Amino acid sequence: MDYKYIEQLLERYWQCETSLEEESILQTFFAQKEVPTEFLKYKGLFSLPMEEKQENFLGADFDKKVLAAIEEEGSHVKVKAIRVSLRERLMPLFKSAAVVAIILSLGGAAQFQFGKNGSTDEINYADYKDTYKDPAMAYDQVEDALELISEGFCQSAEGDSSVSIHKAATTDIKTAE
């Protein structure tokens with residue numbers, strides 16, 4: 001006998017795609033006394049008697065019983081509110097800020113202590129060599145470089161009124177020279 005329909009129903013059952021009618025077809029198939037050997041392993045799953053399944057449903061008064069039990073328990077329990085001050089609420093934030101401050105200060109101290117390469121900031125005059133033979137030419141070069149830097153600062157802060165006053169004063173000094 002061909003049981004392709006039952007096999008298809010079982011495949012759909014395992015993929016959770018069967019309807020209630022199809023599941024009842026499977027139950028009636030497995031409720032038979034003679035089930036093919038290839039389907040015997042599924043017989044225990046589908047062959048529950050219909051009376052047993054009907055007994056497992058909840059009664060109509062189940063909701064009333066549960067609600068009565070909840071109300072009965074609720075009357076004995078008293079909830080006491082605890083007032084929490086603002087300081088107690090913010091205490092975890094203060095603690096985390098303190099930890100961050102400690103870590104940053106220790107990191108800065110470690111960087112300062114271990115960041116020294118052993119080099120000194122002193123000038124070694126023995127290795128110093130002059131690049132200009134004429135001091136007037138060196139002075140002119142330095143003056144031009146400082147003037148370029150000054151112009152750059154003035155252009156970057158044009159919107160500031162105090163800078164514009166300083167700029168006007170600088171131009172007056174230049175024209176006087």
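A: Begin with confidence: pLDDT is the predictor's confidence in each residue, from 0 to 100. This is a predicted model, and its protein chain averages a pLDDT of 79. A score of at least 70 is reached by 75% of the residues.

Q: Which helix has the lowest mean pLDDT, and which the highest?

A: Among the elements of the protein chain, the lowest mean, 54, belongs to helix α4, residues 50-55. The highest, 92, belongs to helix α6, which spans residues 86-114.

Q: How many helices and how many strands does the protein chain have?

A: Eight helices are found, and zero strands. Read from the N terminus on, the order of elements is therefore α-α-α-α-α-α-α-α.

Q: What share of the residues counts as buried?

A: A residue is called buried when its relative accessible area is under 20%, and exposed when that area is over 50%. Of the 177 residues of the protein chain, 8% count as buried. The chain exposes about 16,300 Å², of which carbon and sulfur atoms supply 58%.

Q: Which residues make up the largest nonpolar core?

A: A nonpolar core joins buried nonpolar residues through their side-chain atoms. The largest one here has nine residues: Ile6, Leu9, Leu10, Leu26, Phe29, Phe30, Val35, Phe39 and Phe46. Helix α1 (4-14) and helix α2 each supply at least two residues of this core.

Q: Why are the buried residues of α2 said to line one face of the helix?

A: The idea is to look down the axis of the helix and note the directions in which its buried residues point. In α2 the buried residues are Glu22, Leu26, Gln27, Phe29 and Phe30. Seen down the axis, they fall within an arc of 165 degrees, so they line one face of α2. The face turned away from this buried side carries the exposed residues Leu20 and Glu21.

Q: Is Glu22 buried or exposed, and which residues does Glu22 touch?

A: Glu22 is found in helix α2, residues 20-30. Because its relative accessible area is 15%, Glu22 counts as buried. Leaving aside residues up to four places away in sequence, Glu22 touches Leu9, Arg12 and Glu17.

Q: Where is Val35 found, and what does Val35 touch?

A: Val35 is found in the loop between α2 and α3 (40-46). At 12% relative accessibility, Val35 is buried. Not counting residues up to four places away in sequence, Val35 touches Phe29, Phe30, Leu40 and Lys43.

Q: How many disulfides does a search of the whole structure find?

A: The search looks for pairs of cysteine sulfur atoms within 2.5 Å, and finds zero disulfides. Two cysteines may still be described by their surroundings. Cys154 is buried, because its relative accessible area is 11%. Cys16, by contrast, counts as exposed at 70% relative accessibility.

Q: Where is Cys16 placed, and what is its phi?

A: Cys16 lies in the loop between α1 and α2. Although Cys16 is not a glycine, its phi is positive, at about 60 degrees.

Definitions and conventions:
Residues numbered from 1 in each chain as written. Predicted model: local features only at pLDDT ≥ 70, side-chain atom pairs only at ≥ 80, totals over all residues. Heavy atoms only, no water. Helix = DSSP H or I, 4+ residues; strand = E, 2+ residues; numbered from the N terminus. Buried < 20%, exposed > 50% of the residue type's maximum accessible area, 1.4 Å probe, protein only. Areas by Shrake-Rupley, 256 points an atom, 1.4 Å probe, with all protein chains shown as cover. Contact = heavy atoms within 4.5 Å. Core = buried A, V, L, I, M, F, W, Y, C linked by side-chain atoms within 4.5 Å. Arc of directions from axis to C-beta.
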